[in-house]
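Please look over the structure shown here before reading on. The notes below take up a pair of helices and then a cavity.

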Amino acid sequence: MSDHEHKPEHLHHFAAPEQQKESAKLGMWIFLLTEVLFFGGLFCAYAIYRAWHPEMFHNAHLALDWRMGGLNTLVLVASSVTIALAIRAFQLNQQKPAIGLMIATVLLACTFMVVKYFEYAHKFHLGQLPGTFYHYNGIEGTNPHIFFSVYFMMTGLHGLHVLIGIGVIIWLIMRAKRGHFSSKYYTPVEVTGLYWHLVDLIWIFLFPLLYLIG
Amino acid sequence: MSQIDLGPWNLIVALAIAFFKASLVVLFFMHLLYDNKMFMLVIVSSLLFLAIFISFTMFDTMRRGDMYEEVGQPINKDAFIYTVKEADSTATVEGEHGEVDDHGGGH
């Protein structure tokens, strides 16, 4: 078997490299569709519980720090910028800046997780835990544990997606350092970028709904 | 919105800002504006189904119990049986109209 058979950038069951790239992107967009519906279920649960307990949601959300949430929003949007710039660098065949930008993306994503860790640690300390573990007395309203169940489920699942994204981007950095990507072939970076932008998008909706309840 | 209070507009303004930011990310960072139209179709259809999911669920949960309020109301508030009952509260009503029947009004 010659090495030519196994090159990922030109698989023989595609008619042309452009078609292969379009197929990869379509596959990722369909996956993003499933992710939208996946998180959509949780957003629906949020809508129901907030409609049933509007005052409690307002009181409970005051326990969240909107400045930390806002900082996380800026951090994630910045990481979206860096990965978009990394893809552009690959398009221009600038390998080293591209790798640097991907490392910057990972660092920003880790910053997000660190801020998240501090938020969670504070809540664990006060006893603001999901569901049956809730034991905090400072919030007025019916069933305040519901808000924290929703909060931890949504931000926890989102944080898991951030961690998975960090892992994938680190793997791509390792591949890029071995010279796998160039202006002719950078599809894995592009589809990972799409996934990363969706993670950012989900946070853009989570932030006002959890931290900025009127 | 934690800092500026617009009353019931809070949720709408917050979501509008989020939608605006989101469309910037989707259209430009994700290159959706310039790519194959199929990708736009995929993501728009996901948003459409999500909208149906949440709105139909809210139609249900927000209106539960409303039927009991409906059943508790008289069909016609100005019907004779109610006006006669109020006017002659001290006298009993007999004759062609028979007994005054409480059709479940005022539950």
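**A helix pair and a cavity**

In chain A, the axes of helix 4 (residues 95-126) and helix 5 (residues 145-177) come within 10 Å and cross at roughly 155°. That makes helix 4 of chain A roughly antiparallel to helix 5 of chain A, a term for angles over 145 degrees. This is a predicted model, in which local features need pLDDT of at least 70 and side-chain atom pairs count only at pLDDT 80 or more, while totals for chains, interfaces and linings use all residues. Residues are numbered from 1 along each chain as its sequence is written, chains are lettered from A in the order in which they are written, and side-chain values use heavy atoms, leaving out hydrogens and water.

**Helix pair**
- Helix 4 of chain A passes helix 5 of chain A in a left-handed crossing, meaning that the near helix is turned anticlockwise from the far one by less than a right angle.
- The residues of the contact of helix 4 of chain A with helix 5 of chain A divide into 21 nonpolar, 5 polar and 4 charged.

**Cavity**
- A search of the whole structure finds 1 cavity of 30 Å³ or more, a cavity being a set of points on a 1 Å grid where a 1.4 Å probe fits but cannot get out.
- About 40 Å³ of space lies in the largest cavity, and of the 10 residues that line it, the closest to its centre are A:Arg50, A:Pro208, A:Leu212, B:Leu11 and B:Ala14, where lining residues have an atom within 4 Å of a point.
- Helix 1 of chain B gives the largest share of this lining, 4 residues.
- By class, the lining of the largest cavity has 7 nonpolar, 2 polar and 1 charged residues.

Notes: Axes fitted to C-alpha atoms, helices over the stretch in contact; angles between N-to-C directions. Helix = DSSP H or I, 4+ residues; strand = E, 2+ residues; numbered from the N terminus. Parallel < 35°, antiparallel > 145°, perpendicular 65-115°, else oblique. Nonpolar A, V, L, I, M, F, W, Y, C, P; charged D, E, K, R; others polar. 1 Å grid on protein atoms, 1.4 Å probe; cavity = no way out; pocket = protein on both sides within 12 Å on 5 of 7 lines; lining within 4 Å. Points joined across faces, edges and corners; volume = space filled by probe spheres on them.
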